[in-house]
Amino acid sequence: MSLRSAFRAPSSEGPVFHFRKPSAFAVASIAVVVALSGVAIWDMTYRADRQLRAELLQQARMIAWSVSPARVAALRGEEADLGSPDYVRLKEQLALVRRANPDCRFLYLMGRRLEGTVFFFVDSEPPGSPDESPPGQAYDEATPQVHAAFTGGQEIVEGPFTDRWGTWVSAFVPLVPQVAGDPRVVLGMDISAANWRRHALARAALPVALVLLVASLGLFLIGLRRANRRILQSQQKLQAIFRGAPVGMGVVVDRVFTEVNDRLCELTGYDRNDLLGRSSRMIFPGDEEFERVGREKYAQIENRGIGTVETRFRRKDGCILDVILSSAAFDRTNLGRGVALAALDITERRRAEEGLRISEERFAKTFRASPDAILLTTVPDGRIVEVNEGMVRISGYTVEEMLGRTTTDLGLWADPSSRDRYMALVRKDGRAVNFETTFRIKSGAVIEGLISGEVLQLRDGPHFLSVVRDVTERKRAEEALRVQTTYLQELFEGAPEAIVVLDKSDVVQRVNREFARLFGYAPHEAVGRKINDLIVPTDRKSEGAEATAQVAAGKHLSFETIRQAKDGRRIHVSVLGNPIGLGPDQLGVYGIYRDITERRNAEDERERLQAQFLQAQKMEAVGRLAGGVAHDFNNMLQVMLGHVGMVLSRLSPADPLRGDLEEARKSALRSADLTRQLLAFARKQVVQPKVVDLNETIEGMLSMLRRLIGEDITLSWKPAGNLWMVQIDPSQVDQMLANLCVNARDAIEGVGEVTIQTENIRLDGESGTDHAGTPLSGYVMLTVSDTGCGMSTEVQAHLFEPFFTTKGIGEGTGLGLATVHGIVKQNGGSIEVHSEVGKGTTIKILLPRHEGEEKNRQQDSQGGAVRGRGEMVLFVEDDEAVLGMGVRMLETLGYRVMSTVSPEEGIRCAEEHGGEIDLLITDVVMPGMNGRELARRMEEVKPGVRSLYISGYTADVMARRGVLEEGVRFLQKPFTMEALARKVREALEG
């Protein structure tokens, strides 16, 4: 059933009646009928009046449905609303509806303030019209019924009223749903009522016309025709409202759309053709929601004729809208005739309400949970209406003790004048922020506080919101921080180390006094410059940049390096670098520099001395090893050499065995030389230093050295003139030169040159590393240089270590340079090595100049063994093999011999021997008694007896036993028969 058919007027065409003059009965009957009709007319007129009022309410109600509650909620009912978008839109909407209804005189929205004043929000009059009611204008004609529309939500119709503008009827309908709770917003509509009573009579005329059919049929038809026209006009008006309504409207018959307006199409996103003839189910998100809305809507319609349900629509594009759906039945008794519906989009309102709800919840949570004290007071009397837990905690008062009282009543202001200043600031600016003052809490204690306040416009009037923050602890902390800052400042400036603070870009932010003193930069010269440009030497720029970058990345560094002062001095420093926070998201670096120049110098010296000490320890250890090996090895060599010498002395030169024995003798002598090399390296072999001319000694070896190095290598000899004398065993010179030349030969591949040079030098300053411990006097320098392959730094570090060699297996013993080093040190000299890979090697040996008188240099006569003259010799040796060999050698040389393997037995033999004993030959180290003690005991037994000591032990062992003293005769094992003969004669004749 369409809206047009629902409001279709009856046909204006009807039967025509003809009247005749009535009879007396008829007149009487008519009079009765007229009397009865009068009563009926009054009753019907009353009913028609009620119907007209209901229709007027229906029009007002449909208009109220079309009003957006969100726009009304945005209005304040004050002149400030003029020009706002919501006010202008509502005014245009009311004007449009008024123009569509010619009988509508005035259309307006009104509100009611809490004190009961009814005022205008907006009306339908054009701006500037003398009849326009501006926002906030009071409505003085409000009756109790009008007030009831606000307080009780009742829909009322009043009138007709008559004034100088005519007669009108007013309808008042509250907006559904409420805009902002209580008070409600009411739509007012004034309708011209010039023909109101005639309309009522016209509606009542039909029943009366049945009674007065004869008398008033013509009048009835005329009135009916007029009523038909008015109904048609009303239908047209409703059609205009239907089409122009800002809400979605439609007609549904059996849940199928039969009519829709443009706004409903816009709301759902469907075209008119998409909706007409289709089930209304299509605009709901689902069947369940569709059925729910239907149940609730029709239940409300059956009860009160109108159904209002909040639901959701699904637009054609799939979006979901929140809507209020209002429906009214054309016939409550027959819902099949159709239902008119109006849909109001409340999606934005819902979002606004949800946002408001969330905002209010947040505010409530913040109010309750804030650690600051918050209180809400009335304006202007300042009485507390609400406080939070923070206020209770800070003030010490309970909520009940504070509500209804003022802060002055509670005595919260420690200084009442501060309240006056605070309120003056509020009255001036409308608010105050972080006003600093003191408060007296319930316990009587005074606290420091910051108070902020602002006036709020609430529903029940203006209020004042105050927030108090207790800063007592903060103030104490600030004071403590000030003291600490002063303390740290003093520590920073007075620190004994240089301190610098950098930002993450390596720029100096601050330095202390020690930094200025150490590096020579005043603070104003250092601040603002990059530390790398300030104190980092050019050769360490990358190190400085890397260190700063690592600390800026959060690492802690500790290292030692060199930094440069303003005047160019290079300073050894230890550096500590740590990251620090200079501000929000800003990382910096602080560095601590300690001057360790003296310590490093001391450490370098200590390392040098340590290296010397370690070298000495190594030499000492090998020396002890050499001494231990020498004793037993020399004893074995002694037996070998003795037997070979005895056999050779009995063979003729042409004997075929002589060659083999000579080779055996040479091997034994080479073994003895190896032992002497070990002892020379250890600086503990027994030597016989003499005052020699080094040039003469070297010249005597040149031919042998040339054969030693080979024909491809040139030997250059550069002696110095007037060379000073030195005191050294000539055999040691031979050993040194032989070892040095052999090493030089092995370093030269193919053709090369070895140069030997001597010269006199004086040391006028402190000696270098290799001269440590040498006296500041004259020296003779022996230099041996070659054009060989040279040595690396790593090789030079181990050069004088025993058994260290760069030669292949079987090509060297590793004792050559160690032996040279031992000989030099034993004779009080020093040795230096200068070598580079590919540039050869130069070795310089410094031997002390002999300052005393030159002794006569005697060449040992090697003409042969000196024979004895029958002298008595007592030979004491704990090694039986050596003892037997020595006895045979002595007897062969022409001496009488008594022998024994122990010192005690030797003393006993001396005591039992009645004759003289000319010479005691004794081993130095023996079990029970050493050779020196034996010699002293023999002096007691045989006064004047002479002694000759023999030993295979090293010099230090013998020195501990008192053998190596001036004038003591000593023969180192192993020895030949010639050496024994010579030493025995020296002992007997010396």
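Mentor: We will go through the chain as a whole, then a sheet, then salt bridges. This is a predicted model, where local features need pLDDT of at least 70 and side-chain atom pairs count only at pLDDT 80 or more, while totals for chains, interfaces and linings use all residues. Residues are numbered from 1 along each chain as its sequence is written, and side-chain values use heavy atoms, with hydrogens and water left out.

Trainee: What percentage of the residues count as buried?

Mentor: Buried means under 20% relative accessible area, exposed over 50%, and partly exposed in between (1.4 Å probe, protein chains only). Of the 990 residues in the chain, 44% are buried.

Trainee: In what order do the five strands of the open sheet lie?

Mentor: Two strands pair if DSSP finds at least two bridges between them. Here the order is 2-1-5-4-3, with antiparallel pairing. Strand 2 (118–123) and strand 3 (156–163) are the edges, each pairing on one side only. Strand 1 (residues 104–112) is joined to strand 2 by five bridges, and R112 stands opposite V118 in strand 2.

Trainee: Which strands does helix 4 touch?

Mentor: Contact means heavy atoms within 4.5 Å. For directions, axes are lines fitted to C-alpha atoms, for helices over the stretch in contact, and angles run from 0 to 180 degrees between N-to-C directions. Helix 4 (residues 85–100) touches strand 1, strand 2 and strand 5 (186–192), and its direction makes about 145 degrees with that of strand 1. Helix 5 (residues 144–151) runs at about 60 degrees to strand 1.

Trainee: How many salt bridges are found in the whole structure?

Mentor: A salt bridge is a side-chain nitrogen of Lys or Arg within 4 Å of a carboxyl oxygen of Asp or Glu. The search finds 48. One of them joins E401 and K442, at 3.0 Å from N to O. E401 lies in helix 13 (residues 399–402) and K442 in the loop between strand 13 (431–440) and strand 14 (446–458), so the pair ties together parts 41 residues apart in sequence.

Trainee: Are E989 and R985 buried or exposed?

Mentor: E989 is exposed at 52% relative accessibility, whereas R985 is buried at 5%. The two form a salt bridge, with their closest N and O atoms 2.8 Å apart. Both lie in helix 32 (residues 977–989), four residues apart, about one turn of the helix.

How values were computed: Helix = DSSP H or I, 4+ residues; strand = E, 2+ residues; numbered from the N terminus.
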